[in-house]
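The following paragraphs are intended to be read with the sequence and the three-dimensional view side by side. They proceed from one part of the chain to the next.

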Amino acid sequence: MPLLPFIAIILVMYFLMIRPAQKKQREVQEMQESLQKGDDIITIGGVHGRVESFDQKHMYILTDDQGTVLKFERVALKEVVK
């Protein structure tokens, strides 16, 4: 009987903290995996651009009409703009 409050606290923490964080991490990973050349994106630093190319760890972003290409880690991807 004394363990019941601890078990309840662990369950509450799981459903309020751990599970939503896992869901968010899964969504971010799916977004990074579905990245395609030509997608308009925003990085976590606020840089807007279009994906020029990418590999396993990096993506190359075309940021303006003059051909400036920046190299970013794929984890810097915040969102893909539709």
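Tyrosine 14 is partly exposed, with a relative accessible area of 34%. The model considered here is a predicted one. Phenylalanine 15 is likewise assigned to the partly exposed class, at a relative accessible area of 47%. A search of the whole structure for aromatic pairs returns 1. In that pair, the ring centres of tyrosine 14 and phenylalanine 15 lie 5.1 Å apart and the ring planes meet at 80°, so the arrangement is edge-to-face; the cut-off for this class is an angle over 60 degrees.

The side chain of aspartate 39 reaches back to the backbone nitrogen of glutamine 36, at a distance of 2.9 Å. Beyond the residues up to four places away in sequence, aspartate 39 touches Ser34, Gly49, Arg50, Val51 and Val80.

Lysine 37 lies in the loop between H1 and S1 as well. With a relative accessibility of 62%, lysine 37 counts as exposed. When residues up to four places away in sequence are set aside, lysine 37 touches Val51, Glu52 and Phe54. Lysine 78 stands 41 residues from lysine 37 along the chain, and the C-alpha atoms of the two are separated by 16 Å.

The next element to consider is strand S1. Is threonine 43 buried or exposed? Threonine 43 has its place in strand S1, and its relative accessible area is 1%, which means that threonine 43 is buried, as the limit for that class is under 20%. Apart from neighbours within four places in sequence, threonine 43 is in contact with Phe72, Ala76 and Lys78.

Side chains of opposite charge can pair when their charged atoms come close. The count of salt bridges comes to 1. Arginine 50 forms a salt bridge with aspartate 40, and the closest N and O atoms are 3.0 Å apart. This pair links distant parts of the chain, for arginine 50 is in strand S2 (residues 48-54) and aspartate 40 is in strand S1, 10 residues apart. Arginine 50 is partly exposed, at 41% relative accessible area, and aspartate 40 is partly exposed at 30%. Arginine 50 is also one of the residues that aspartate 39 touches.

Where does glutamine 66 lie? Glutamine 66 is found in the loop between strand S3 (58-62) and strand S4 (69-73). Its relative accessibility is 73%, and glutamine 66 therefore counts as exposed. Glutamine 66 and glycine 38 are 28 residues apart along the chain, and their C-alpha atoms are separated by 16 Å.

Terms used
Residues are numbered from 1 along each chain as its sequence is written. This is a predicted model: local features need pLDDT of at least 70, side-chain atom pairs count only at pLDDT 80 or more; totals for chains, interfaces and linings use all residues. Side-chain values use heavy atoms; hydrogens and water are left out. A polar contact is a pair of N or O atoms within 3.5 Å; within protein, one must be able to donate a hydrogen and the other to accept it, and residues adjacent in sequence count only if both atoms are side-chain atoms. Contact means heavy atoms within 4.5 Å. Helices (H or I, at least four residues) and strands (E, at least two) are DSSP runs, numbered from the N terminus. Buried means under 20% relative accessible area, exposed over 50%, partly exposed in between (1.4 Å probe, protein chains only). A salt bridge is a side-chain nitrogen of Lys or Arg within 4 Å of a carboxyl oxygen of Asp or Glu. Rings of Phe, Tyr and Trp (its six-membered ring) pair if their centres lie within 6.5 Å; planes under 30 degrees apart count as stacked, over 60 as edge-to-face and the rest as tilted.
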